[in-house]
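Here is a briefing on one protein chain, meant to be read beside its sequence and its three-dimensional structure. Please keep both in view while going through the points below.

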Amino acid sequence: MELLTQSLDLIVQAIGTTLLIVIVSGIGSIVLGVAVGIARIGPIPVLRLGAFGYTQFFLNVPLLVVLVFAVFGLPYIGIIFDLTLTAIIVLIVYEAAYIAETVRSGINTISPGQVEAARALGLSFPQTLRTLVIPQALAAVTQPIGNVMIALLMNSSFVAIFGVVEITAQTRKLNEMLAQPILLYTGAGLVYMFMALLIGAGAAALEKKLVFQR
């Protein structure tokens with residue numbers, strides 16, 4: 001127990017690394033996912049096809065496979081990043097596919113009459129997206145996006161396999177020293193659960209605010 005207390009700074013650093021990965025990956029995946037979701041319903045056939053292929057690929061390929069390719073495959077073609085940065089990029093690209101499908105489902109909840117009315121008023125396609133479609137779509141799928149962010153949090157534990165010292169990796173290292181798997185992994189699970197509850201609560205609060213504004 002004394003060794004565990006002495007390792008608190010390492011535990012805090014590991015939690016900080018997880019938060020960094022989740023926050024940056026979350027923001028990045030939402031931005032990219034919204035762009036891909038818009039491309040899925042846009043008027044340009046090439047972009048629609050590309051967005052469809054992108055989402056279908058990442059929806060049907062395990063995250064671990066993508067991580068293995070990025071960590072071990074990219075260096076062969078001369079692309080080398082820090083492990084943490086590599087993990088963030090992979091999570092952004094991977095989770096953006098789920099965000100894109102979520103956003104597309106939100107867009108489908110908007111009645112065609114509203115879009116036709118916007119066109120009748122002389123709004124261009126980008127203006128219709130910016131002022132009508134995207135705000136309503138995001139408001140409709142706030143909670144599902146929150147669920148994707150919770151999945152992102154859980155998926156961030158995969159990066160421990162490749163040497164990124166986040167919560168899971170640090171827990172494993174401590175267990176090798178202390179041989180207290182029940183105590184340590186229960187504690188790690190509680191930390192993940194607390195983070196997930198915060199994300200869920202934040203998404204619920206944002207959803208209520210957006211619905212009220214609508």
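Helices (H or I, at least four residues) and strands (E, at least two) are taken as DSSP runs and numbered from the N terminus. On that basis the chain holds ten helices and zero strands, and its pattern along the sequence reads α-α-α-α-α-α-α-α-α-α. This is a predicted model, in which local features need pLDDT of at least 70 and side-chain atom pairs count only at pLDDT 80 or more, while totals for chains, interfaces and linings use all residues. Residues are numbered from 1 along each chain as its sequence is written, and side-chain values use heavy atoms, with hydrogens and water left out.

**The chain as a whole**

- The C-alpha trace spans about 70 × 45 × 25 Å along its principal axes.
- Of the 214 residues in the chain, 40% are buried, where buried means under 20% relative accessible area, exposed over 50% and partly exposed in between (1.4 Å probe, protein chains only).
- Among contacts (heavy atoms within 4.5 Å) with a separation of 6 or more, 75% are between residues 24 or more positions apart.
- The accessible surface, computed by the Shrake-Rupley method with a 1.4 Å probe, comes to about 11700 Å², and 72% of this area belongs to carbon and sulfur atoms.

**Helix H3**

- Helix H3 covers residues 45-60, a run of 16 residues, and reaches 22 Å from its first C-alpha to its last, close to the 22 Å expected at 1.5 Å a residue, the expected span being 1.5 Å times one less than the number of residues.
- Ala51, Tyr54, Thr55 and Phe58 are the buried residues of H3; they lie on the same side of the helix because they cover an arc of only 90 degrees around its axis, the arc being that of the directions from the helix axis to the C-beta atoms.
- The buried residues of H3 pack against helix H2 (8-41), helix H4 (63-73) and helix H5 (83-107), whereas Pro45, Val46, Leu49 and Asn60, on the other side of H3, are exposed.

- Pro43 is located in the loop between H2 and H3, and it counts as exposed because its relative accessibility is 55%.
- Pro43 and Pro144 are separated by 101 residues in sequence and by 26 Å in space, C-alpha to C-alpha.
- Helix H8 (residues 142-155) has 14 residues and reaches 20 Å from its first C-alpha to its last, close to the 20 Å expected.
- The buried residues of H8 include Ile145, Gly146, Met149 and Leu153.
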